[in-house]
Amino acid sequence: MVPIKILVVEDEQLVADDLRETLEYLGYVVPALVATGEDAIVMVEALQPDLVLMDIRLGGEMDGVEASFKIQSRFHVPVVYLTANADRATLERVKATQPFGYILKPFDERILSTTIEIALKRHEAEFEVQKALSRAQADKQIAQFQSQLKSQYLYMAAHEFRNPLTTIR
């Protein structure tokens, strides 16, 4: 079984280190810890993690919500927020990014593990639905093409029968 890679985006080094230790204890691989949204985007592209654990308040120009939106739209990697922020305005911004989870600090190991597993399973299910939709669209195009061919053959056959019948009449 391939180990699951989780990128941690956290600007507080002690929290990031604790998170890495907890995730590794749970059996996940943490290929990198980054402290800014900009670095998160670069590392997602370079490392192709299975999931990103994202703090909202980060160093740099970009906060975690903006970074999450860019990561999900460009790379289709699920993001779970791990933050101390639960105010209404932040929650509204977060909901717009359609996150795969939202965990409040201080985090509990069981809640972290459960949220990650559910996020990964949901992402896998969404991927399967997307594949099925693509196959259905391809099948629809093939059916439309075959229908057009059949219509053309019927038109040609009708035309071929009409010419001799006109002469006979």
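Mentor: Let's start with how the chain touches itself: among contacts with a separation of 6 or more, 61% join residues 24 or more positions apart. Contact here means heavy atoms within 4.5 Å.

Trainee: And what kind of model is this?

Mentor: It's a predicted model, where local features need pLDDT of at least 70 and side-chain atom pairs count only at pLDDT 80 or more, while totals for chains, interfaces and linings use all residues. Residues are numbered from 1 along each chain as its sequence is written, and side-chain values use heavy atoms, with hydrogens and water left out.

Trainee: How many helices and strands are there, and in what pattern?

Mentor: Five helices and five strands, running β-α-β-α-β-α-β-α-β-α along the sequence. Helices (H or I, at least four residues) and strands (E, at least two) are DSSP runs, numbered from the N terminus.

Trainee: What makes you call the chain more spread out than a compact globule?

Mentor: Its radius of gyration is 26 Å, well over the 15 Å that the globule rule gives for 169 residues, so it is more spread out than a compact globule. That radius is taken over C-alpha atoms, and the rule is 2.2 Å times the number of residues to the power 0.38. The C-alpha atoms fill a box of roughly 95 × 40 × 25 Å along the principal axes.

Trainee: Why is T36 called buried?

Mentor: Buried means under 20% relative accessible area, exposed means over 50%, and partly exposed is in between (1.4 Å probe, protein chains only). T36 has 17% relative accessibility, so it counts as buried. It lies in the loop between β2 and α2. Leaving aside neighbours within four places in sequence, T36 is in contact with V9, L58, G59 and G60. Across the whole chain of 169 residues, 33% count as buried.

Trainee: And why is V2 called exposed?

Mentor: V2 has a relative accessible area of 70%, so it goes in the exposed class. You'll find V2 in the segment before β1.

Trainee: How do you know that the buried residues of α2 are on the same side?

Mentor: In α2 (residues 37–47), the buried ones are G37, A40, I41 and V44. They cover an arc of only 100° around the axis, which puts them on the same side of α2. The arc is that of the directions from the helix axis to the C-beta atoms. V42 and A46, on the other side of α2, are exposed.

Trainee: What do the buried residues of α2 pack against?

Mentor: They pack against β1 (6–9), β2 (33–34), β3 (51–54) and α3 (64–75). Just after α2, Q48 takes a positive phi of about 50°.

Trainee: What makes R88 and E92 a salt bridge?

Mentor: Side chains of opposite charge can pair when their charged atoms come close. The rule asks for a side-chain nitrogen of Lys or Arg within 4 Å of a carboxyl oxygen of Asp or Glu. R88 and E92 meet at 3.2 Å, N to O, so the pair passes that test. Both lie in helix α4 (residues 88–96), four residues apart, about one turn of the helix. R88 is exposed at 57% relative accessible area, whereas E92, at 39%, counts as partly exposed.

Trainee: Why does R110 with D108 get the label of salt bridge?

Mentor: Their closest N and O atoms are 3.8 Å apart, so this pair also passes the test. R110 is exposed at 66%, and D108 is partly exposed at 31%.

Trainee: What about E126 and R122?

Mentor: Their side chains meet at 2.9 Å, N to O, in a salt bridge. Both are in helix α5, four residues apart, about one turn of the helix. E126 has 39% relative accessible area, so it is partly exposed, and R122 is partly exposed at 33%.

Trainee: How many salt bridges does the rule give, and which residues form a network?

Mentor: The count comes to 11 salt bridges, and E10, D55 and K105 are linked in a network.

Trainee: What makes Y153, Y155 and M156 a patch?

Mentor: Patch members need over 30% relative accessible area and no salt bridge; like charges are joined within 9 Å, nonpolar side chains (Val, Leu, Ile, Met, Phe, Trp, Tyr) within 5 Å. Y155 has a relative accessible area of 56%, so it is exposed, and it sits in helix α5 (residues 109–168). Together, Y153, Y155 and M156 make a nonpolar surface patch of about 390 Å². Accessible areas come from the Shrake-Rupley method with a 1.4 Å probe, and for residues only the protein chains shown count as cover.
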